[in-house]
Amino acid sequence: MEIGMINKLREKKGSIFPLTIAIVLSLFIIFAGVSEYLRLKLIVSGIKEAIQSAVISLSIENYDNIYSSSREGYSGGYKYIDDKDSWEETLHTEDVFNKLDELLDLRIEEDHHVKVVNGEYEYKLSDLEVNIINTPFAPNSNGDVFEADSYISLEVPLSFGWEHLPPLKIRLKVKSEYMAKF
């Protein structure tokens, strides 16, 4: 019996099987990690585009605040005040989150604007800041544009790690520009 047992231990049949399992599991984990990375990148990219769209569309909707000679390529937010016989800067930022809610189909829960899919939240947005950088009243060139820097906090739960990993929390900076075409 001992000789048969020793021969079985020296036998090489099936020795590649554990290595094959380890390689397949490693590839599965790498694939899951890359898929999660791409999912997060897609969500962040979509949110950035939506913020740019919200800021630009609000700028367009408030076109009456744009200096009247925008046909010359000027896109500053100024309004003429008859009483003072001067131009004053007029900028509106309060409706960006409402436009963002409309674009991304978000609902408000406590302090967050949440995207819900199949009963679970896909991501949460909060703490939106919009800093509008107006063009100078008398620009040196037509290259001066109406710009907005937006900052927003994003929280995305990770699907990789089976809820053992904390959610991704980042502060996004989004730059938007608007220049009248005519």
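Three helices and seven strands: that is the inventory for this protein. Keep in mind that this is a predicted model. Now the order. Starting at the N terminus, the elements read α-α-β-β-α-β-β-β-β-β. So much for the layout.

Next, burial and surface. The protein has 182 residues, and 32% of them count as buried. The accessible surface is about 12700 Å². Carbon and sulfur atoms hold 56% of that surface.

On to contacts. Take those between residues at least 6 apart in sequence. Of these, 58% join residues at least 24 apart.

Now the salt bridges. How many does a search of the whole structure find? Four. I will walk through some of them.

Start in helix 2, which covers residues 17–61. Here the side chains of R39 and E36 form a salt bridge, with N to O at 2.9 Å. Both residues sit in that helix, three residues apart, or about one turn. Are the two partners buried or exposed? E36 has 7% relative accessibility. Buried means under 20%, so E36 counts as buried. R39 is at 26%, and that makes R39 partly exposed.

Move to helix 3, residues 96–104. E102 pairs with K99 in a salt bridge. The closest N and O atoms are 3.9 Å apart. The cut-off for a salt bridge is within 4 Å, so this pair counts. As for spacing, E102 and K99 are three residues apart in helix 3, about one turn of the helix. E102 is exposed, at 58%. Exposed means over 50%, so E102 qualifies.

One more pair: R107 and E109. Their side chains meet in a salt bridge, N to O at 3.3 Å. What about accessibility here? R107 has a relative accessible area of 45%, so R107 is partly exposed. E109 stands at 34% and is partly exposed too.

To recap the three pairs I showed. R39 with E36 lies in helix 2. E102 with K99 lies in helix 3. R107 meets E109 at 3.3 Å.

Conventions:
Residues numbered from 1 in each chain as written. Predicted model: local features only at pLDDT ≥ 70, side-chain atom pairs only at ≥ 80, totals over all residues. Heavy atoms only, no water. Helix = DSSP H or I, 4+ residues; strand = E, 2+ residues; numbered from the N terminus. Buried < 20%, exposed > 50% of the residue type's maximum accessible area, 1.4 Å probe, protein only. Contact = heavy atoms within 4.5 Å. Areas by Shrake-Rupley, 256 points an atom, 1.4 Å probe, with all protein chains shown as cover.
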